Amino acid sequence: MTGTKSSSEPVHIIGAGLAGSEAAWQVANTGVSVILHEMRPQRMTDAHRTDGLAELVCSNSFRSDDAANNAVGLLHAEMRRLGSLIMRAADANQVPAGGALAVDRDGFSASVTATLNEHPLIEISRAEVDGLPPADWRNVIVATGPLTSAALADAISELTDEHALAFFDAIAPIVHKDSIDMSVAWFQSRYDKVGPGGTGADYINCPMTKEQYDAFVDALVTGEKTDFKQWEGNTPYFDGCLPVKAYAIVQLRQDNKLGTLYNMVGFQTKLKHGAQQRIFRTIPGLENAEFARLGGLHRNTFLNSPKLLDGQLRLRAQPRLRFAGQMTGCEGYVESASIGLIAGLYAAADARMQSLSPPPPTTALGSLLGHITGGHIETIDAGPRSFQPMNVNFGLFPPLASAPTKNAEGVRLRGNEKTVARKQALSARALTDLDRWIADSLRIPAAA
Ligand SMILES: Cc1cc2nc3c(=O)[nH]c(=O)nc-3n(C[C@H](O)[C@H](O)[C@H](O)COP(=O)(O)OP(=O)(O)OC[C@H]3O[C@@H](n4cnc5c(N)ncnc54)[C@H](O)[C@@H]3O)c2cc1C
C-alpha cells in the first residue's frame, strides 16, 4: 500500500479495546487521521472496570509466545513484524508466565492509552455511538467487542437481519497471593518450561487428593448458581471456554507485575459469589484465600461473518462499515487485536484510494481472516448457527505441499516428531510469506 493521495476524511473507529486501539494505530501510521470513539467511562460494560484503552477484561495472558510451535505465538511474531502497538505494549509490560506472554494489565493499558493519546493524527472521543453511525462517516471500523452496547447491537442486528448475535463467555476468579498458604502450595511451571519471560517456576500449584477432588466437584455441581436473565435464556455456550476442567492440581498464574494477584485459570463459573468463596476455599492452600475478583459468565456478541462480511471485513449490506475484533467471530485478545490490525490497514488503504492485497492465507493472520470471512462451512442442521468464535490454530492453515518426513540429520521422523516438524514447517512458511507480503504490499521494513 503506497501512494501519496489521501482522502481528507478521517477513519471513524468505534470502540477502543484490543481491536480498535490496534486499528487506530495502524491507520494513523499511514498518515490518515482517526477519530476513535470510546464509551467508557461515560457508559461501562459488565466486564470493564477502568477508562483505560485496551483494557484486559479477564486473564492477563496473551498465551504461548512460541512462534515456531504454536499458532498464537506465530501470530504474535507476525504482528510484531507489522509494527503492532498491542504487541509492543505487551512486550514492554511482560510478567513471568513460563512459555506464555502475560502482562501487567494496568501497565499494558496505560501504555496503549498514552501512545494513542499522544499520536498527532488520533482524536479520542469519549462517547457512546448509540445507533448506526451517521451517514457522513464514510469509512468506519466497528470494534465494539463482545459487550457492544445494546443500542448499537440492536441497530446492527436490524441492519443485518440477524436475530441471534450472542453466546456466553466466562471470566476466572483472581486471588490475592499473600492469602495463599505456601506451606501447602508451591511454585512450578507446566513441564518446568522457562519460556521467554519466566523462570520455570512461575505458577502456584495447589494439590488435591482424590477425596478432596471428588468432594470439590460435588460442591461445584450442587453449589448455588446465578439465574440467567430473561434475554440470556436461549444463548448457547461457547465450547472453548466452559467452566472448570478436570485437573487434580489447581494452577494459579501471576496476574500483575507486582506478583500480588494470582488468576485461577480455568475457573470460569456461574456459581453465586458466596458459593464460589466457600467452595474455592476447600482447595488446599486456598483455605484463607481473599479474592480480588470472582468468576462470572457474560453475554457475548458476534456476527455471522462468513455470511455478512466480505473478504475485507466490510458489511456486505453497507460497505462503509467494516468490522474488527471479537465481533467478527475470532476469539481472544491477540486474535481480536490482529483483526483490528488488518481492518486498520484495509481502512487506511481505502482512505488513500489504494488497494491492498490480502495477507497470504499461509500466515496466521491470513488464515484467521480466511476463517472469519469465508473458511467456515455452514452445517445444514437446524438449530443455532454453526459459525462460532475461533482461536487461531494450525488447523486453519492450508496444508504443506509436502510434510517433513526426516529431520535435519536425515533420520526418519516418528509419531509426535512428525507433528512438531509439521508445525515448525507451517510457521517457517508463514513468516517467509508474511515478509514477502510486507515487502510487496506495504513497503514498510520488516522488523528483525
Ligand atoms: C467476560 C469476558 C472475558 C474474556 N476473557 C478473555 C480472556 O481471558 N482471554 C482472552 O484472550 N480473551 C477473553 N475474552 C474474549 C476477547 O478476547 C476479549 O473480549 C477482547 O477484549 C476482545 O477485543 P475487542 O477489541 O473485540 O473488544 P473489547 O476489548 O471489549 O473492546 C470493545 C470496546 O468498545 C467499547 N464500546 C462498546 N460499545 C460501544 C459503543 N456503542 N460506542 C463506543 N464504544 C463502545 C467498549 O467499552 C470497549 O472498550 C473475554 C471476553 C469476555 C466478554
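This short talk walks through the strands and helices of one predicted protein model.

Some ground rules. The model is predicted, so local features need pLDDT of at least 70 and side-chain atom pairs count only at pLDDT 80 or more, while totals for chains, interfaces and linings use all residues. Residues are numbered from 1 along each chain as its sequence is written, and side-chain values use heavy atoms, with hydrogens and water left out.

Overview first. The secondary structure comes to 11 helices and 17 strands. Both kinds are DSSP runs, numbered from the N terminus: helices are H or I with at least four residues, strands are E with at least two. The protein has 448 residues, and 55% of them count as buried. Buried means under 20% relative accessible area, exposed means over 50%, and partly exposed lies in between, with a 1.4 Å probe and protein chains only. Now contacts, meaning heavy atoms within 4.5 Å. Take those between residues at least 6 apart in sequence: 72% join residues at least 24 apart.

On to the mixed sheet. In what order do its six strands run? The order is β6-β2-β1-β7-β17-β16. The sheet is open, and its pairing is mixed. Two strands pair if DSSP finds at least two bridges between them. Now look at the edges. β6, residues 122-125, and β16, residues 314-315, each have a single partner strand, so one side of each is left without a neighbour in the sheet.

Start with β1. Both of its faces are covered. Val-11 and Ile-13 are buried on one side, His-12 and Ile-14 on the other. Its partner β2 runs parallel to it, over four bridges. Here His-12 stands opposite Ile-35, and Ile-14 stands opposite His-37. β1 also joins β7 by three bridges, again parallel. In β7, the bridge partner of His-12 is Val-140.

Next, β2, residues 34-37. Which way do its residues point? Val-34 and Leu-36 point one way, Ile-35 and His-37 the other, and all are buried. β2 pairs with β6 in the parallel sense over four bridges. Ile-35 stands opposite Glu-123 there.

Now the other end. β16 and β17 run antiparallel, joined by two bridges. Arg-314 has Arg-322 of β17 as its bridge partner.

Time for helices. β1, helix α1 (residues 18-28) and β2 make a right-handed β-α-β unit. Right-handed here means this: with the strands pointing away from the viewer, the path from the first strand over the helix to the second runs clockwise.

What does α1 pack on? Its partner here is α9, at an angle of about 35°, with the axes 7 Å apart. Axes are lines fitted to C-alpha atoms, for helices over the stretch in contact, and angles run from 0 to 180 degrees between N-to-C directions. The crossing is right-handed. A crossing is right-handed if the near helix is turned clockwise from the far one by less than a right angle, and left-handed if anticlockwise. On the α1 side, the contact includes Leu-18, Ala-19 and Glu-22. On the α9 side, it includes Tyr-333, Ser-336 and Gly-340. By class, the contact has 10 nonpolar, four polar and one charged residues. Ala, Val, Leu, Ile, Met, Phe, Trp, Tyr, Cys and Pro count as nonpolar; Asp, Glu, Lys and Arg as charged; the others, Gly among them, as polar.

α9, residues 333-351, also lies across β1, β7, β16 and β17, at about 145° to β17. Helix α5, residues 150-160, lies across β1, β7, β16 and β17 too, at about 135° to β17.

Which residues of α5 are buried? They are Leu-152, Ala-153, Ala-155, Ile-156, Ser-157 and Thr-160. They pack against β1, β7, α8, β16 and β17. Zoom in on Ala-153. It counts as buried because its relative accessibility is 13%. Its C-alpha is 7.9 Å from that of Thr-301, 148 residues apart along the chain. Just after α5, Asp-161 takes a positive phi of about 60°.

Last stop: another open sheet of six strands. The order is β10-β11-β12-β13-β9-β14, with antiparallel pairing. β10 and β14 are the edge strands, each pairing on one side only. Inside, β9 and β13 pair over three bridges, antiparallel. Ile-174 stands opposite Asn-263 in β13.
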